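Hi everyone, thanks for making time this morning. Let me put the model up on the screen, and then we can walk through it together.

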Amino acid sequence: MYSHFTLARKFIRYWLSASNSKGHGMHSPFVFDFITNVLNDQQPKPCYQPIENRRAALLNNSNSIEVEDFGAGSGVIRSNKRRIDKIAASSLKPKKYAQLMHRMVSYYKPATIVELGTSFGVTTSYLAKGSEKTKVFTFEGSSAIAAIANQTFEALSINNIILQQGNFDITLPEFLTSNPAIDLAFIDGNHRKQPTLQYFDQLQGACNENTILIFDDIHWSAEMESAWETIKNHPSVTLSMDLFFIGIVLFKKEFLVKQHFSIRH
Ligand SMILES: C[S@@+](CC[C@H](N)C(=O)[O-])C[C@H]1O[C@@H](n2cnc3c(N)ncnc32)[C@H](O)[C@@H]1O
């Protein structure tokens, strides 16, 4: 994981070189449309407040749970007994990005979503509320964390989420044998190079021309930056968008020339 100083320096460099988020001067109609209708949509949505209330409750819960350690995603906490508020503060995607993903689901209407790394189910809820016809398959290794995620879904009356508990090194390949089509995936589990590339390879077999893959924290460490470079340059990826705290790739064949955009958000 990079130091706060290095990350801040990288963020400033990204911000200065990224395109204006108002969509002007954008040479890709897809990206222009994404910026105009999804990224810049600042209208509050009905699900935002209830989900944020749930996040606030988790951030105020000082109880501890026993957590199995999976992946390199929570560099802040190391021990097995962890406080719920501390996990919530370090693991959940901030609302700015979770709400962006909610709008992506509302706009592109993916039939099947995969989320690798459920944590307490806050981002999962945003994804699921994007379209009630969408099925969200979310994967979490820790049984204690998964139990709290299920409470989140119940508290928010969400019925289109299927939580798969277990190490996704095992549960993902199993899932992929019976559910071959994925329209959107959020990869937010094991923030290391090899696992990230492995999940990319595995998910690719289930991707179609319209699939959108979203990778978390692509600039979090040298390993994640290297994984992001490999993914961006993969021959099947035709368009990539770097929003610094997330990276988005598409496979649409209509984009004849591979394009990469850094977009301010
Ligand atoms: C960063 S958190 C996910 C946050 C969530 N997507 C959100 O935005 O609210 C990552 C989660 O992935 C889980 N995880 C990491 N590696 C895993 C693995 N190999 N198998 C199963 N779960 C894993 C961790 O237990 C942790 O709860």
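Let's start at histidine 102: leaving out residues up to four places away in sequence, it touches Lys45, Cys47, Tyr126, Leu127, Lys129 and Gly130. Contact here is a C-beta to C-beta distance within 7 Å, with the C-beta atoms placed from the backbone. Before going on, this is a predicted model, where local features need pLDDT of at least 70 and side-chain atom pairs pLDDT 80 or more, while totals for chains, interfaces and linings use all residues. Residues are numbered from 1 along each chain as its sequence is written.

Histidine 102 sits in helix α5, residues 95–108. Helices are DSSP runs of H or I of at least four residues, strands are E runs of at least two, and both are numbered from the N terminus. Is histidine 102 buried or exposed? It counts as buried, because it has 24 C-beta neighbours inside 10 Å. The cut-offs are 20 or more other C-beta atoms within 10 Å for buried, 12 or fewer for exposed, and partly exposed in between.

Now to a helix pair. The axes of α3 (48–59) and α6 (122–130) come within 10 Å and cross at roughly 170°, which makes α3 roughly antiparallel to α6. That label applies over 145 degrees; under 35 is roughly parallel, 65 to 115 roughly perpendicular, and the rest oblique. Axes are lines fitted to C-alpha atoms, for helices over the stretch in contact, with angles from 0 to 180 degrees between N-to-C directions. Ile51, Arg54 and Arg55 of α3 meet Val122, Ser125 and Tyr126 of α6.

On to the sheet. Eight strands form an open, mixed sheet, ordered β5-β4-β3-β6-β7-β9-β8-β10. Pairing means that DSSP finds at least two bridges between two strands. β5 (161–165) and β10 (259–262) are at the edges with a single partner strand each, so one side of each has no neighbour in the sheet. From one strand to the next, the twist averages 15°. β8 (239–242) and β9 (246–250) pair in the antiparallel sense over four bridges, and methionine 241 has isoleucine 248 in β9 as its bridge partner.

Last, helix α10, residues 222–232, where Met224, Ala227, Trp228 and Ile231 are buried. Those residues fall within an arc of 100° seen down the axis, so they line one face of the helix; the arc is taken over directions from the helix axis to the C-beta atoms. Ala222 and Glu229 are exposed on the other side of α10. Covering its buried residues are, among others, α9 (193–204), β7 (207–216) and β9.

Methods
Two residues are in contact if their C-beta atoms, placed from the backbone, lie within 7 Å.
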